[in-house]
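Here is a brief report on two chains and how they meet.

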2 protein chains.
Amino acid sequence: MSDAIRERLAWVAVDWGSSQLRVWGLDESGEVLVRGGSDKGMLTLRPEDYEIALLEVVGDWLPASGRVGVWVCGMAGARQGWREAAYLPVPTRLDDLAQGAVMPTVSDTRLDVLLLPGLCQFADVTGCDFDVMRGEETQLAGLVAREPGFSGLVCLPGTHAKWAWLERGEVKRFATYLTGELYGLLAGQSVLRHSVADDGLTEPGCREAFVAAVREASARPGEFARLLFGLRAADLLDASLPAGEARQTRLGARLSGLAIGLELSGVRHDLSASSVTLVGGEALCERYALALEALGHASRRVEGEAAVLAGLGLARAGT
Amino acid sequence: MSDAIRERLAWVAVDWGSSQLRVWGLDESGEVLVRGGSDKGMLTLRPEDYEIALLEVVGDWLPASGRVGVWVCGMAGARQGWREAAYLPVPTRLDDLAQGAVMPTVSDTRLDVLLLPGLCQFADVTGCDFDVMRGEETQLAGLVAREPGFSGLVCLPGTHAKWAWLERGEVKRFATYLTGELYGLLAGQSVLRHSVADDGLTEPGCREAFVAAVREASARPGEFARLLFGLRAADLLDASLPAGEARQTRLGARLSGLAIGLELSGVRHDLSASSVTLVGGEALCERYALALEALGHASRRVEGEAAVLAGLGLARAGT
């Protein structure tokens, strides 16, 4: 770590997930000077462990004297995390997240830590259902920071994929689909685990198999559990499938398409209006873009890391 | 084992599943004289282990001299089982299963073992999809043995729930739903595992929660993955839920209802015609009956063990 970087460090951005800790050191202009992280996610930590886990990453970045603000989103603010930052109920303005931030106790006098809250939604007569998010709200805030007054439908694909309806910078409602976790359980631990593999849709025929599966599951969502077993049966009986590994990637592409197609069937009434803004990593967002395109819907992508940093920066600017 | 029983033993019936071995000793009239079993299912055995595993259960039942027929359905006839009994493609008459039986090599001269085949279905233009069953076809045969010329829709709930369309004793087509496995993975290994428990729908409010979930998932199958995450969110936010264990059983009942409701949504076009015949154990069939009733459909139950024995007896009589 050069002294030059240490001198320019203005603040630290943290995305503290269930299984991963990701950290960035930024200068006053928002430029990333240094990045780091570890696998010390919320699930592995007791409250007293957080400061140590953070210092393992940023200890070497900090100046000898003076205080540095550390802005944290994600599971560190959960009840079972570092300190609870209570959920803000929707509708919520996204430039207001810092109002719900809490400061955990820290020993190192160089650290000013703020944990941002997540969002929650209560069931109501309009058809909204109970829901929670923690971490994704900061990416949504980043979208609003980059595009003030943003209105539209936003999807953040992942283990628990979030769909959020934004109006002029405000989250009106949101919905979480367990899609990524469902896919992971089926691909890794079900009877299908011997039949499927993931190659990122690069093998010949995999994109086509993915697209066909998206269309099938979204057209017949009630048959999802049957289409799943059909992968096993096709592995045993379908002579048109290639052999060996190519067979597994083909069926893996199909499994992914079924899971995402089921999700898109759930949000289909909201898809007609406008283009979907996907926020996240390149590979998964491309897969969602392909699935949306297969159903005739446009999308565009905002890089997930840029959104987190912009969201944490917006919270910092708001205090 | 009394000599009287040993003298009356006419044949042995075996249901050899992936994880369980179930065995019955019967007299010529079909009366069960003795029953046994072990956890030596197909997944734990190499081909050379099957005879030993069988003799561990029936060795003491066999007469000193003479041969006893052993009729076996289930995974012992799979490619990775004792010896492969190739699938019979549908449509298939159920009184014909013995035509596809194979005899594995055995050392003990008192044993005449026959492994019954499963059924398979190839994809075709009428909308049939690839599918396989192994074991359930024998229960269907048992239904036909008890009710010759049976026509109607039959459901065999389980890890891989089977729906079969029968016409005058013939399986025309069938469909497998991965419902039980999906439920098991979600209840045991997903983020929902801390929120749910199963009490067999006995706690107050559980039947109602189950029925409501069946209706929701069958009406909005595309939202299945959202309704799943909604269980986690309700656990965090829903003040109307009871506390502690009662909360978990309530949410567990709801999870079960969502999984079964999704399946019923898939077969709903076939449900309107007539009553569904459920074949299987009491608890799970009662749950399916309750779910069907919630959607306005009648059902009746045929005991699963009786169906297996009648099916194996029909195969024996046919040779």
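## The interface

Contact here means heavy atoms within 4.5 Å. By that rule, chain B gives 43 residues to the contact and chain A gives 43 residues. The model is predicted.

About 3600 Å² is buried between chain B and chain A. Carbon and sulfur atoms account for 71% of it. On the side of chain B, Arg226(B), Phe229(B) and Leu237(B) lose the most area to chain A. Together they make up 19% of what that side buries.

Two salt bridges cross between chain B and chain A under the rule. Arg226(A) and Asp129(B) form a salt bridge through their side chains, at 3.4 Å from N to O.

## What chain B brings

Which elements give two or more residues to the side of chain B that touches chain A? They are strands E8 (119–121), E9 (131–133) and E12 (170–177), along with helices H4 (179–189), H6 and H7 of chain B. H6(B) supplies the largest share, twelve residues. By class, this side of chain B holds 23 nonpolar, eleven polar and nine charged residues.

## The H6–H7 pair in chain B

Helix H6 of chain B covers residues 224–237, and helix H7 of chain B covers residues 244–271. They pack at an angle of about 175°, and their axes lie 11 Å apart. Angles over 145 degrees count as roughly antiparallel. H6(B) and H7(B) are therefore roughly antiparallel to each other.

From H6(B), the contact uses Phe224(B), Leu227(B), Leu228(B), Leu231(B), Ala234(B) and Asp235(B). From H7(B), it uses Arg247(B), Leu251(B), Arg254(B), Leu255(B), Leu258(B), Ala259(B) and Leu262(B). Ten of the residues in this contact are nonpolar, none is polar and three are charged.

## His297 in chain B

Where does His297(B) sit? It is in the loop between helix H8 (282–294) and strand E14 (299–303) of chain B. The side chain of His297(B) reaches the backbone oxygen of Leu295(B) at 3.4 Å.

Leaving out residues up to four places away in sequence, His297(B) touches Leu271(B), Ser272(B) and Leu292(B).

Conventions:
Residues are numbered from 1 along each chain as its sequence is written. Chains are lettered from A and ligands numbered from 1 in the order in which they are written. This is a predicted model: local features need pLDDT of at least 70, side-chain atom pairs count only at pLDDT 80 or more; totals for chains, interfaces and linings use all residues. Side-chain values use heavy atoms; hydrogens and water are left out. Axes are lines fitted to C-alpha atoms, for helices over the stretch in contact, and angles run from 0 to 180 degrees between N-to-C directions. Helices (H or I, at least four residues) and strands (E, at least two) are DSSP runs, numbered from the N terminus. Angles under 35 degrees count as roughly parallel, over 145 as roughly antiparallel, 65 to 115 as roughly perpendicular and the rest as oblique. Ala, Val, Leu, Ile, Met, Phe, Trp, Tyr, Cys and Pro count as nonpolar, Asp, Glu, Lys and Arg as charged, and the others, Gly among them, as polar. Buried area is the accessible area (1.4 Å probe) that two parts lose on being put together, summed over both. A salt bridge is a side-chain nitrogen of Lys or Arg within 4 Å of a carboxyl oxygen of Asp or Glu. A polar contact is a pair of N or O atoms within 3.5 Å; within protein, one must be able to donate a hydrogen and the other to accept it, and residues adjacent in sequence count only if both atoms are side-chain atoms.
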